[in-house]
Amino acid sequence: QEIRQGQIMAHVGNPSENGGWPPHLHFQLIRDLQNFVGDYPGVCSQRDLDFYAQNCPNPALFMKD
């Protein structure tokens, strides 16, 4: 999905909305959600690392300096 400059793409909830953690943001690119809804694995086994490295590329590779 394309996000334009200045467009709101999310909101940061208060601690009661996010498990008691202070407001923060995780930014991740995912090519294929694989039928996951609402959450996506944040860790994987060593044997699955190559797949997840391809499916979840480093966002810095797409950022302009």
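Reader: Let me start with one residue. What is the relative accessible area of Ala-53?

Author: Ala-53 has a relative accessible area of 45%. Buried means under 20%, and exposed means over 50%. Ala-53 falls in between, so it counts as partly exposed. Keep in mind that this is a predicted model.

Reader: Where is Ala-53 placed?

Author: Ala-53 is in helix α1. That helix covers residues 49-55.

Reader: How many helices and strands does the protein have?

Author: The protein has 1 helix and 0 strands.

Reader: Why is the protein called more spread out than a compact globule?

Author: Compare the radius of gyration with what a rule gives for the chain length. For 65 residues the globule rule gives 11 Å, and the protein has 14 Å, well over that value, so it is more spread out than a compact globule. The C-alpha trace spans about 35 × 30 × 25 Å along its principal axes.

Reader: What share of the residues is buried?

Author: Buried residues make up 11% of the 65. The protein exposes about 6300 Å². Carbon and sulfur atoms supply 54% of that area.

Reader: Which residue in the helix can show me a buried position?

Author: Take Asn-55. It sits in helix α1. Its relative accessible area is 6%, so Asn-55 is buried.

Reader: Which residues touch Asn-55, leaving aside neighbours within four places in sequence?

Author: Contact means heavy atoms within 4.5 Å. By that test, Asn-55 is in contact with Leu-29, Ile-30, Arg-31, Asp-32, Gln-34 and Tyr-40.

Reader: Arg-31 is on that list. Is Arg-31 buried or exposed?

Author: Arg-31 is exposed, at 58% relative accessible area. It lies in the segment before α1. Not counting residues up to four places away, Arg-31 touches Gln-54, Asn-55, Pro-57 and Phe-62.

Reader: What share of the contacts with a separation of 6 or more joins residues 24 or more positions apart?

Author: Such pairs account for 32% of those contacts.

Reader: Show me some contacts of Pro-15.

Author: Pro-15 is in the segment before α1. Leaving out residues up to four places away in sequence, Pro-15 touches Gly-20, Trp-21, Pro-22 and Pro-23. At 37% relative accessibility, Pro-15 is partly exposed.

Reader: How many disulfides does the structure hold?

Author: A disulfide is a covalent bond between the sulfur atoms of two cysteines. The search of the whole structure finds 0. Cys-44 is in no disulfide, and its nearest cysteine sulfur belongs to Cys-56, 8.6 Å away.

Reader: Next, backbone angles. What is the phi of Gln-34?

Author: Phi of Gln-34 is positive, about 55 degrees, although Gln-34 is not a glycine. Gln-34 is in the segment before α1. It is partly exposed, with a relative accessible area of 29%.

Reader: And what is the phi of Asn-35?

Author: Phi of Asn-35 is near 70 degrees, again a positive value in a residue other than glycine. Asn-35 also lies in the segment before α1. Its relative accessible area is 80%, so Asn-35 is exposed.

Reader: Last, the charges. How many positive and negative charges are there?

Author: The protein has 4 positive and 7 negative charges. Take the mean position of each set.

Definitions and conventions:
Residues numbered from 1 in each chain as written. Predicted model: local features only at pLDDT ≥ 70, side-chain atom pairs only at ≥ 80, totals over all residues. Heavy atoms only, no water. Helix = DSSP H or I, 4+ residues; strand = E, 2+ residues; numbered from the N terminus. Rg over C-alpha atoms; globule rule 2.2 N^0.38 Å. Buried < 20%, exposed > 50% of the residue type's maximum accessible area, 1.4 Å probe, protein only. Areas by Shrake-Rupley, 256 points an atom, 1.4 Å probe, with all protein chains shown as cover. Lys, Arg positive; Asp, Glu negative; His and termini not counted. Charge placed at Lys NZ, Arg CZ, Asp CG, Glu CD. Disulfide = S-S within 2.5 Å.
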